[in-house]
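Please take a look at the model first, and then read on.

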Amino acid sequence: MLHTSGRHFLQIPGPTNVPDRVLRAMAAPTIDHRGPVFRDLTRDVLGGLASVVRTRQPVLLFPASGTGAWEAALVNTLAPGDRVLMVETGHFATLWKGIATRLGLEPRFLPGDWRRGVDAAQVQASLADDRAHEIKAVCVVHNETSTAVTSDIAAVRRALDAARHPALLMVDTISSLASIDYRHDEWGVDVTVGASQKGLMLPPGLSFNAASDKALAAHAGARLPRSYWDWGPIRDASEKGFFPYTPATNLLFGLREALAMLQAEGLDNVFARHDRHAEAARRAVRAWGLELLCLNPAEYSSSLTAVLMPAGHDADRLLDVILDRFDMALGVGLGRLAGRVFRIGHLGDLNDLSLAGTLAGVEMGLGLGGVPHRRGGVDAAMDYLASI
């Protein structure tokens, strides 16, 4: 097997590159998860997560992927046959709807074209029509990873308030948290869903819910079956600094280090860095003469950029060329976008030179793959990065 020199460029929109500091932290010896050192670790991590989610409410942490946190949000607050309002913003919103259906809920799925975010007016109209308040929750994805479209969560909260509807507001922040501004308390979110492998700069394996008082009250009467995902034992144990089962100790070491890095940089600076890199990537795409998938500039994602391929050209073939020649992985198109889109991840532990190298790999790959384009995308991105 031939050795490939240099580093592998992992530029998918998650899992993201894990910083050396975090890798070293995870390499620490495992400790007693019922001892005082672990208790302090748990409290550090939960406090740090709350500050990133911007909440004073409990954060309930699970050893699981983000899919587990999706399920936890539903089973802890709802009952069989409950109606939930969900919005088709892309592949991951569709997957969350599938979980709701399999759990015995009755989702109403507002249709979308996968190029726009949540239409708050459409949400408000649906809730206004629900005069009997049969809809028990509104579930939306903040940043749809399959489409690079970010929805306005504050506008969704205003829609619930304008409709005077008591439904819970649940928000998936898996690819937005610690990359795009998010405010659980200020925006009146009832359940936030998050995971470790994107803006939090860890490997997959940790996920969480942040729960409002209203969500915790709903938990008391929720009747969907739950055991592992039950907020009750998690909350009782975490208040003492522990878990009701064996935790992912070394991932927690890494999470504490990642949270320290975010705190040292400052969340506002983290968001500004992601905004800057996203704009540079979009300028490169436009200079190549290619089309962004997201149609509304107000909804552009700062976590990733999704690029439409010209008609007759296969995105997966382009990605194969780029991986083979430059050892760089980009995100494939998912669901209905398979073969039509490639996605450039620019979230997590990233700097200007990492982004410039990524865009250079894309531009060279477009040429080698025979994809019609103009040269100069990297120059456009570098000019922008150098100007601010």
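## Charges

The chain carries 39 positive and 42 negative charges, and their mean positions lie 1 Å apart. In that count Lys and Arg are positive and Asp and Glu negative, while His and the chain ends are not counted. Each charge is placed at NZ of Lys, CZ of Arg, CG of Asp or CD of Glu.

## About the model

This is a predicted model: local features need pLDDT of at least 70 and side-chain atom pairs count only at pLDDT 80 or more, whereas totals for chains, interfaces and linings use all residues. Residues are numbered from 1 along each chain as its sequence is written, and side-chain values use heavy atoms, with hydrogens and water left out.

## Overall fold

You will find 13 helices and 14 strands in the chain; these are DSSP runs, with helices (H or I) of at least four residues and strands (E) of at least two. The radius of gyration is 21 Å, close to the 21 Å from the globule rule for 388 residues, so the chain is as compact as a globular protein of that length. The radius is taken over C-alpha atoms, and the rule is 2.2 Å times the number of residues to the power 0.38.

## Burial and cysteines

Of the 388 residues, 58% are buried, meaning under 20% relative accessible area with a 1.4 Å probe, protein chains only. Cys-139 is buried at 2%, and Cys-294 is buried too, at 6%. The whole structure has zero disulfides, a disulfide being a pair of cysteine sulfur atoms within 2.5 Å.

How values were computed
Buried means under 20% relative accessible area, exposed over 50%, partly exposed in between (1.4 Å probe, protein chains only).
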